[in-house]
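Please look through the sequence and the structure before reading on.

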Amino acid sequence: MVRGDVTRIGRGPDNDVVIDEMTTVSAHHVEILKEDGAYKIQDLNSTNGTFVNGERIGEALLGPSSSIQLGSAGPEFAFVLDDAQPLELNRTVDGSVLPALEPAAASIGRPHEELLSDAVARARKARRTGVGDQTIHIMREMLIVAMRRTHRRFKVAILMLVAALLASTTFGLWKIERLKKEKRDIDSKIASVEAQFQQNVLSVNQTDQLANSLDRYEDEARALQTSLLYRFQLPQREDPVERSIRTLMAEFGAETYSVPPEFVEQVKRFIEHYQGPDRPHIIAALSGSRQDVATIRRILGEAHLPQDLAYMAVVESAVTNGQKSEAGAAGIWQLTAPTAKAYGLRVDRDLDERLDVRKSTVAACKVLRELILDFGAGSSVMLALAAYNSGSTKVKHGIRKVTEPIKQRNFWYLYRIHALPPETREYVPKVIAAMIIARDPRQFGFA
């Protein structure tokens, strides 16, 4: 609820609206300003952006029906004014039924207006939390209370309001079911395309056709999801691992509607591996090496890189300096001597700065930034992960098999057509698995 001239929202305790424990929300994410009776929203250079009615904004005007989302996968709010009419706030469809009843509503009086507003709020809350059959029950309760409070001459107006609310709710629920069916149909088509991608032998022409079909279906699905009514539909079940992957991808700028099933299965396989044979590595990262991980995250943040990239060190070295590869790579980031020297580290008989957590992380940040810049926009963080593992040359050799330059920079396309080296196809989901566990250790059996 916006009441003052300036309302600030973010994770920091000094905000007017504090949102704790949401990684998609910045310390000072957004502010809402009241100027000359109008309301303006302004993003405060947040990491994951601010979206108004599904569109990312830097600054925008707000209307009474605007939806505000902090990050593409973050919390979402409805913009509500203190002086907005309760009846207006519950409109889910355009129509002329409710406006025609406004004069009658005005004659009811403040007590019944508050009663109606409370009933509307309860009905909307029930729909959002998945209790879709409570609207009639709530409206009946309101009617009984109202009848007890009112004189006979107002009962007709109340009945008309209730009838309008029931008609609006019925239409809204019907529309939601229709949207859900459309989504199921699109998801079915996407699943069919994904299954065809996993066939062993596909011609270049077949691959392009499948990719174009997938792009078209994903565009249709995204258009469907921008509907405000769709966002308030009954909750839908989603695999928790796939949901975690989507959240990470949104933060990495590699967001996709359809995560390849093979990638999801790989991530799940590595999660199970971390829960079993590799459990000591995760426990070390979460406990024994916690201070080192905290240092790595801080340095990544200072370099304006995703802090969860710290868990690459779990895959590279289990966050220990004792490991040395056959190629001579050493330290928590497993840097080779030539690479370390190229990025400012001293490596000689007397001193090996690859073993210094802080200095080696600063060097690794430089490597990652260069790889991200090298592979362009879109899913560049994912391609940088791939290149960190197998080297920039190998990844470039793989993507040059693709003729279209835009698709050369699309990690998900390259993953689907097996253009990346086999070890890279395993490395990236392994890192993602470590990140997912580190974000919610308890869910995966790590107290």
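A residue is called buried when its relative accessible area is under 20%, exposed when it is over 50%, and partly exposed in between, using a 1.4 Å probe and protein chains only. The model is predicted, so local features need pLDDT of at least 70 and side-chain atom pairs count only at pLDDT 80 or more, while totals for chains, interfaces and linings use all residues. Residues are numbered from 1 along each chain as its sequence is written, and side-chain values use heavy atoms, with hydrogens and water left out.

**Overall fold**

- The chain has 20 helices and nine strands; these are DSSP runs numbered from the N terminus, with helices (H or I) of at least four residues and strands (E) of at least two.
- Of the 447 residues in the chain, 45% are buried.
- The chain exposes about 23300 Å², and carbon and sulfur atoms supply 51% of this area, which comes from the Shrake-Rupley method with a 1.4 Å probe.

**Nonpolar cores**

- A nonpolar core is a set of buried Ala, Val, Leu, Ile, Met, Phe, Trp, Tyr and Cys residues joined through side-chain atoms within 4.5 Å.
- The largest nonpolar core has 88 residues, and those with the most contacts inside it include Ile245, Phe263 and Met382.
- Helix α20 (residues 422-439) gives the most to this core, with 10 residues.
- Apart from this core lies another one of 14 residues, among them Ile9, Ile32, Ile41 and Ile68.
- Leaving aside neighbours within four places in sequence, Met382 is in contact (heavy atoms within 4.5 Å) with residues including Met249, Phe263, Trp412 and Ile432.

**Salt bridges**

- Side chains of opposite charge can pair when their charged atoms come close.
- The structure holds 19 salt bridges, each being a side-chain nitrogen of Lys or Arg within 4 Å of a carboxyl oxygen of Asp or Glu.
- Glu31 forms a salt bridge with Arg8, their closest N and O atoms being 3.1 Å apart.
- Because Glu31 lies in strand β3 (residues 30-35) and Arg8 in strand β1 (residues 6-10), this pair ties together parts that are 23 residues apart in sequence.
- Glu31 is buried, with a relative accessible area of 11%, whereas Arg8 is partly exposed at 38%.
- Arg354 forms a salt bridge with Asp352, with the closest N and O atoms 2.8 Å apart.
- Arg354 counts as buried at 4% relative accessibility, and Asp352 counts as partly exposed at 22%.
- Glu251, Arg297, Asp308 and Arg439 are linked in a network of salt bridges.
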